[in-house]
Amino acid sequence: PMNSPPVVPLLVLLIASTVAAELVGPIRDAIVIQTSPRKVTWDSSDPNFVANLIRGKEPVILVGPDLPNKSWKAMAWSPTNLNSDTILGVKKYHKRKLTIGCCKLEPVPVNEFFNVVSSSKASGQYVYLNAPVSMLGQKLSQEVGDLFVPATEPVRVGVWMGSAGSTAPLHHDPFDNFFVQIHGRKQFVLFHPFESTRLYLYPKTGPRNRQSQIDIDQPWSDEILTQFPELPKARGISFEVGPGDVLYLPPFWFHQVESLDDSISLNVWYKSSAVEKMDEAWDQGLPLLDHWTTPQLLVALKEMLLRFVLATIAPKLDLNTGDRTDAFAFLSDLTRSRFFPVFGPAVGKVDHLKGIDTSEDPHLLVHLREQSELDANRFIPASELEQVSPDQLREICSKQNSLALFTSSIDLEKRFNEAASSIASHFVPAPDELMWIHLEDFIEDFVGQALGDEFVYTFLQNCVIAAEGTQLKDELRPQIKRDYPLNLSILI
């Protein structure tokens with residue numbers, strides 16, 4: 001069962017026992033080992049090959065003469081033969097790691113990109129381009145041939161070009177990812193999705209969502225150990241890919257990607273059917289009524305949230321379905337991991353733009369536009385929530401019989417339980433590797449839709465957890481299973 005103590009390989013025990021005494025130098029030196037995913041030969045004669053690959057939820061290096069990319073003319077791309085004068089937006093910045101808010105886009109013709117790379121090195125600048133392949137122009141985009149999943153429309157076929165040293169920081173994506181290295185080398189660092197609470201994701205409701213708060217190339221310090229106490233327990237792997245290599249990366253695997261040379265890569269993202277199934281939970285809608293007062297809406301949101309969280313995690317972890325303590329503990333773990341290191345104690349609305357340099361970053365502008373659209377559909381206006389102090393919020397939500405705020409004409413228990421069961425039914429069947437992060441994301445969005453993103457933290461901490469929240473016990477966390485592939489057993 002998921003809550004049984006895992007059998008830990010001897011190698012892991014030996015490493016873990018020495019971590020506390022060796023937390024010096026870069027963080028990655030203590031939590032990342034050099035080893036490559038196993039190689040799998042692409043079998044075009046097997047109609048179930050891709051389905052079985054995706055079902056395995058394991059990163060692998062794909063090899064073999066039948067790989068679809070073997071016939072791409074794009075495999076011959078280099079810095080000297082990108083013959084397109086199409087102008088695209090590129091990023092130029094002085095720090096190795098590309099972060100949200102780092103910089104605005106500057107127009108550069110595709111065939112001049114690597115000239116800009118060369119000229120920027122003297123000033124210590126890194127240059128980076130990420131765009132759909134279709135934006136390279138008709139000629140170049142036609143040099144990408146048959147893709148990896150037949151008869152399935154990809155979410156995106158992307159091109160990634162960057163100068164040596166440019167790095168995409170540790171993050172995850174919710175897609176099945178087929179990554180093709182064309183020119184130069186890249187170094188990947190991977191962590192299993194179950195490491196999410198040890199890698200301290202930024203809140204889903206902020207513009208840095210899907211990114212870890214951890215810079216694994218920073219040195220250890222007392223401040224880092226205080227701020228991220230679970231970090232030393234994380235385990236990841238690191239390996240290089242070179243020209244012609246193809247990596248399959250399942251959804252929600254954390255990855256940092258560094259260009260070791262001036263580099264060209266392509267990747268193909270496909271929607272995960274399991275993730276799509278979980279997204280259907282939004283069809284349920286929020287069981288809230290417009291005529292309810294602000295205290296009623298807050299209590300209803302709390303009760304609904306606790307019910308659907310418990311209905312989701314109980315079957316996964318063999319818990320007592322009537323014990324709300326486990327739901328409180330799960331939500332407490334979420335706030336401790338995602339919110340507290342960024343914002344400290346929850347004292348009111350938060351500023352998700354904290355620490356972001358500029359509002360000219362296109363990714364940030366997209367987030368702000370989406371936030372503006374969501375703000376128009378809140379159940380409680382921001383102006384009203386700003387008048388509710390954290391103490392008042394705790395008082396409203398901590399009453400022994402908080403449902404007494406409602407008239408008896410509404411069968412609230414039935415209404416909330418039916419909605420909770422319906423939402424949970426979309427998550428419970430999902431593979432564990434895909435469900436946990438997506439569930440936490442859904443919780444943030446669930447509250448954010450009702451109250452606004454800037455009030456998610458104060459609501460979770462002061463209304464839901466309050467005095468009842470406790471640190472989630474290790475045995476209640478999802479555990480990486482014993483039968484994980486041998487060459488990645490260090491992650492167990």
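Trp 160 counts as buried, at 15% relative accessibility (buried means under 20% relative accessible area, exposed over 50%, partly exposed in between; 1.4 Å probe, protein chains only). Trp 269 is also buried, with a relative accessible area of 12%.

This is a predicted model, in which local features need pLDDT of at least 70, side-chain atom pairs count only at pLDDT 80 or more, and totals for chains, interfaces and linings use all residues. Residues are numbered from 1 along each chain as its sequence is written, and side-chain values use heavy atoms, with hydrogens and water left out.

The structure holds 24 aromatic pairs. Rings of Phe, Tyr and Trp (its six-membered ring) pair if their centres lie within 6.5 Å; planes under 30 degrees apart count as stacked, over 60 as edge-to-face and the rest as tilted. Two of the pairs involve Trp 269.

| Pair | Centre to centre | Angle between planes | Class |
|---|---|---|---|
| Trp 160 and Trp 269 | 6.3 Å | 75° | edge-to-face |
| Phe 175 and Trp 269 | 5.1 Å | 35° | tilted |

Trp 160 lies in strand β7 (residues 156–162) and Trp 269 in strand β14 (residues 263–271), so their pair ties together parts 109 residues apart in sequence. Strands (E, at least two residues) are DSSP runs, numbered from the N terminus. Phe 175, in strand β9 (residues 175–183), is 94 residues from Trp 269.

Strand β9 is largely enclosed by the rest of the structure, because 8 of its 9 residues are buried. It runs antiparallel to β14, joined by 8 bridges (two strands pair if DSSP finds at least two bridges between them). Asp 176 has Tyr 270 as its bridge partner in β14. Another 4 bridges join β9 to antiparallel strand β12 (residues 246–249). There, Phe 179 stands opposite Leu 247.
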